[in-house]
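Here are some notes to read alongside the model, with rings, charges and cavities as the topics. I hope they are handy when you next open the coordinates.

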Amino acid sequence: MINRTSTGRQLAGAAVTWLLAIAVMIGSSPASAELLIRITEGADSAIPVAVVPFSEVGVLPAGDKISRIVQDDLSMTGEFRPLPAEKMLSLPSKGEDVYFRDWRLLGQRYVLVGQLTRKGDKVEARYELFDVNREERIMGATASSSVNSTRSLAHHISDRVYEAITGVPGAFSTKLAYVTLQRSGGDALYRLQVSDVDGKRARVRLESDEPILSPAWSPDGEKLAYVSFETGKPAIYIHELSSGNRTRIADFPGLNSAPAFSPDGRSLLLTLSKDGNAEIYKMDIQSRSLKRLTDHWSIDTEPTWDHTGEGFFFTSDRSGGPQIYHKSGEQAAPRRITFGSRYNARPRADNDGKYIYYVHQRDSSFHIARTDLRTEEETILTRTGSDESPSISPNGRMLIYATKQGGNSVLTVIAADGGAAYSLPASEGDVRDPAWSPIVR
């Protein structure tokens, strides 16, 4: 379901302008629904893996091959270096046909084989993963999907393979939410979209002639909270993706901004200026009751929960410029986290309590940086100069952010330590404000 709204009113207010400058990359290129994946940098330590083309029994859908999608999934993490099929010495589809000597000769650490069988309106996949050096099967499974959902089946297999090798759950079956902007003359069209992590199967969830900002996922992956200006001023909505139903949950006078679901999904952190200044509040979603969590003359905004679900990080200019602060609980005193430059904003915490990621200004450039919360060491992760809106993959291994590339706004994914990268530009134009969904079992 696509909702379309329209208004001709103008944005107003210093706090709104300040937050828009932080939250949105300014652009003027047209946008389209589908994102394109482009590997921009690999890792020298990538693990060699052979994803053998799966054998097929019965008539299967034309187009994307499941084994090819698995290969692309593993490749885009930068942690794996898949072997091209044309370089393989054989194409086994089951374990008894795997000759480890051949794969060692090709320098492979792992080999994945499988068979696909059409059964009515279902496709069944039987697959096995082998450790070449140890000459043993380390994983074997069967999975199925509808004929029209083979991409989901492929991403599921990728998740299982990734976890079997690394010990970390894969995130290939998760989703990305993001906003695109199309300009035509003086008119702007904003679209909130949701896609697979590789940019495929993008769907428009909301269209508006006014800005859409700050999408945030619920912990069950079924809803998005976001800011929309469709009534002429910022308001926060919760959008149920399966039905398309939307609820306007915060529409107070002044600023309504930066929603963040609690880990249990029962409340939101948000920024409100209804009492005259931008402060952090906690809202119980069912009762709509509010609790004010900050009280300072400065602008406090962009809250994000920490890994405990009790404390939160936020951006504040109480030290004279935007910096990241942390409160370990509702009644705790704020503690400043960042000191490395005059501008640090848009914090995003990992799920383990090890790092906080954020936008960091160095000279005239904006990068994505992280601070080790134990050692307080700061690391600059990106090399581009206009980076915005970081979001961490739910397994903590990847980081997505918006940046400029060749004059266009694109989404870029890097390893969480700043390693290998791939980009997700729109086929035309401007894409921004990404949010990575949780892993839903």
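1. Two rings of Phe, Tyr or Trp (for Trp, the six-membered ring) count as a pair if their centres lie within 6.5 Å. With that in hand, how many aromatic pairs does the structure hold? There are 8 aromatic pairs, and please keep in mind that this is a predicted model.

2. Let's start with Y162 and F172, an edge-to-face pair with 5.8 Å from centre to centre and 80 degrees between the planes. Y162 belongs to helix α4 (residues 150-166), while F172 is in the loop between α4 and β9 (175-184), so this pair ties together parts that are 10 residues apart in sequence. Y162 and F172 are both buried.

3. Next comes a stacked pair, Y226 with Y237, at 6.2 Å centre to centre and 20 degrees between the planes. This pair links distant parts of the chain, since strand β13 (residues 223-228) carries Y226 and strand β14 carries Y237, 11 residues apart. Buried or exposed, where do Y226 and Y237 fall? Both are buried.

4. Back to F172: ring pairs join F80, Y162 and F172 into a cluster. F172 also turns up at the largest cavity, as the next point shows.

5. On cavities, the structure holds 2 of 30 Å³ or more. The largest has a volume of about 110 Å³. Which of its 14 lining residues are closest to its centre? They are T77, A171, F172, M398 and W436. By type, the lining of the largest cavity divides into 8 nonpolar, 4 polar and 2 charged residues.

6. R370 lies over the face of Y355, 3.8 Å from the ring centre. In the other case, the charged end of R318 sits over the ring of Y325, at 5.4 Å from its centre.

7. Finally, a word on L241, which is found in the loop between β14 (235-240) and β15 (246-250). Why does L241 count as buried? Its relative accessibility is 12%, and buried means under 20%. Beyond its neighbours within four places in sequence, L241 is in contact with R205, W217, G221, E222, K223 and L224. One of these, R205, is 36 residues away along the chain, yet the C-alpha atoms of L241 and R205 are separated by 7.6 Å.

Notes: Residues are numbered from 1 along each chain as its sequence is written. This is a predicted model: local features need pLDDT of at least 70, side-chain atom pairs count only at pLDDT 80 or more; totals for chains, interfaces and linings use all residues. Side-chain values use heavy atoms; hydrogens and water are left out. Helices (H or I, at least four residues) and strands (E, at least two) are DSSP runs, numbered from the N terminus. Buried means under 20% relative accessible area, exposed over 50%, partly exposed in between (1.4 Å probe, protein chains only). Contact means heavy atoms within 4.5 Å. Rings of Phe, Tyr and Trp (its six-membered ring) pair if their centres lie within 6.5 Å; planes under 30 degrees apart count as stacked, over 60 as edge-to-face and the rest as tilted. A charge sits over a ring if NZ of Lys or CZ of Arg is within 6 Å of the ring centre and within 35 degrees of the ring normal. On a 1 Å grid over the protein atoms alone, a cavity is a set of points where a 1.4 Å probe fits but cannot get out, and a pocket is an open set with protein on both sides within 12 Å along at least five of seven lines; lining residues have an atom within 4 Å of a point. Grid points are joined across faces, edges and corners, and a volume is the space filled by probe spheres set on the points. Ala, Val, Leu, Ile, Met, Phe, Trp, Tyr, Cys and Pro count as nonpolar, Asp, Glu, Lys and Arg as charged, and the others, Gly among them, as polar.
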